[in-house]
Amino acid sequence: MTKARILIFAALASCAVASPALADFSSCVAGLRSRALASGISASTVNQAFSGVQPDMKIIELMQNQPEFKTPIWDYLGTLVDDEKVAEGRRMLAQYSSTLAAAESRFGVDRHTIVAVWGVESDFGKAGGKFPLVQALSTGACLAPRRNDFFRGELISALKIVERGDISLSRLNGSWAGAFGHTQFIPSTYLRLAVDGDGDGRRDLVDSIPDALHSTANFMAKAGWVTGASWGYEVDVPEGYSGPVGRTGKQPVSSWAARGITKVGGGALTGGGNAGLIMPAGRNGPGFLVFKNYDAAYSYNGADSYALAISLLSDRIRGRPGIQTAWPTDDPPLSREERRELQRLLIARGHDVGEPDGAVGAKTRAAIKDIERQIGMPQTGRPGGKVLNALRGR
């Protein structure tokens with residue numbers, strides 16, 4: 001994923017789709033076909049790609065609900081950097097040690113970070129998205145009320161991937177936003193940065209794990225990754241601190257020390273170059289000094305919550321501790337296993353939440369709201385510790 005992509009989708013939030021656009025979908029697709037042919041894509045590929053394509057209005061709905069921007073950061077990190085993800089990341093580190101060593105040597109990006117991106121983006125290939133890309137991108141190109149050109153461009157890029165023979169159309173499925181493969185590249189990023197990692201002459205981020213891992217390392221290297229350097233670390237910020245905060249407000253480490261900022265657990269601040277101070281939950285939550293490698297992670301998806309997930313998961317995989325400072329909430333986040341337990345308890349009480357897989361969708365949120373109503377809590381639909389403990393005691 002890219003920062004540009006996230007900023008575009010954030011701009012789409014809260015926009016409504018005009019109903020007349022549905023009637024224009026067929027004519028819009030005809031225009032897309034013409035554009036694809038003019039871009040040098042063969043008639044056979046174009047005909048195959050657009051055969052029977054229909055809009056999917058779920059795409060428009062999902063544009064307005066990106067978890068990086070709408071989910072409290074402690075919930076976002078609670079499922080992406082839990083013990084389960086760490087353990088699986090370490091298994092992947094061992095299973096693909098030779099592939100990761102080659103990618104690390106080739107691009108200078110450490111293997112723990114590559115695995116962390118893989119885990120956050122697709123849960124190590126288990127959650128790569130199921131939307132056919134032509135359908136998803138056609139829906140965005142024709143029915144999104146703004147930035148249609150972005151989706152049109154990504155659609156043409158996706159067809160170029162098929163035309164090259166790297167990935168077949170039937171395997172080109174991904175997220176509603178057009179990202180696909182183990183490490184979720186959008187098509188234009190694929191054309192720029194995907195590389196062959198297994199030596200077969202193709203770049204296949206869907207069915208070749210080496211291709212996906214090498215391509216991710218290439219992305220991070222091109223984004224400014226500094227070999228051997230730290231992304232950052234957690235710090236204690238003095239009570240009443242009123243200085244600068246933000247990823248882009250970087251200053252020498254010595255200037256942060258002069259403001260009374262110290263490493264969590266004690267010790268002098270370390271790291272070369274300038275650092276920025278981020279406090280993603282505000283002045284009462286954890287703080288972090290972040291360096292250039294944090295910026296490289298940020299460029300993958302343009303959100304501090306995402307960059308922290310990558311950075312913290314990479315630390316946990318390599319054996320470092322997680323966040324030490326408590327989040328400013330009295331309703332703690334749930335791990336994926338705790339979310340599955342919550343869903344099982346909801347099912348036992350007659351709620352239809354689907355498969356208890358830890359993924360919280362509309363059905364689970366509606367069931368949580370019902371429980372919150374019963375126990376006198378505000379009806380938020382949020383899967384938190386209070387609701388889980390209440391169900392355990394019922």
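The conversation below sets the labels against their definitions.

Modeller: This is a predicted model, in which local features need pLDDT of at least 70 and side-chain atom pairs count only at pLDDT 80 or more, while totals for chains, interfaces and linings use all residues. Residues are numbered from 1 along each chain as its sequence is written, and side-chain values use heavy atoms, with hydrogens and water left out.

Colleague: What makes C28 and C142 a disulfide?

Modeller: A disulfide is a pair of cysteine sulfur atoms within 2.5 Å, and the sulfur atoms of C28 and C142 are 2.0 Å apart, so the pair qualifies. By this rule the count comes to 1 disulfide, and with -90 degrees about the S-S bond the link is left-handed. C28 lies in helix α3 (residues 25–38) and C142 in helix α11 (residues 133–143), so the link ties together parts that are 114 residues apart in sequence; helices here are DSSP runs of H or I with at least four residues, and strands are runs of E with at least two, numbered from the N terminus.

Colleague: Why is C28 called buried, and why is G224 called partly exposed?

Modeller: Buried means under 20% relative accessible area, exposed means over 50%, and partly exposed is in between, with a 1.4 Å probe and protein chains only. C28 has 19% and therefore counts as buried, as does C142 at 13%, whereas G224 at 24% falls in the partly exposed class. G224 lies in the loop between α14 and β3 (232–236), and it touches K292 and N293, not counting residues up to four places away in sequence, where contact means heavy atoms within 4.5 Å.

Colleague: How do you know that D211 is buried, and what does its side chain reach?

Modeller: D211, which lies in helix α14, has 0% relative accessibility and therefore counts as buried. The side chain of D211 reaches the backbone nitrogen of D198 at 3.1 Å, and a polar atom of that side chain lies 2.8 Å from the backbone nitrogen of D204. A polar contact is a pair of N or O atoms within 3.5 Å; within protein, one must be able to donate a hydrogen and the other to accept it, and residues adjacent in sequence count only if both atoms are side-chain atoms.

Colleague: What makes helix α10 mostly covered, and what caps its N-terminal end?

Modeller: In α10, 11 of its 12 residues are buried, and what covers them includes α7 (73–80), α8 (83–95) and α9 (97–107). D110 caps the N-terminal end, with a side-chain oxygen 3.0 Å from the backbone nitrogen of H112. Helix α10 (residues 111–122) reaches 17 Å from its first C-alpha to its last, close to the 16 Å expected, the expected span being 1.5 Å times one less than the number of residues.

Colleague: Why are β4 and β5 said to stand at the edges of the sheet?

Modeller: The 5 strands form an open sheet in the order β4-β6-β7-β3-β5, with antiparallel pairing. β4 (246–252) and β5 (262–263) each have a single partner strand, so one side of each is left without a neighbour in the sheet. Two strands pair if DSSP finds at least two bridges between them; β3 and β7 (residues 287–290) have 4 bridges, so they meet that requirement.
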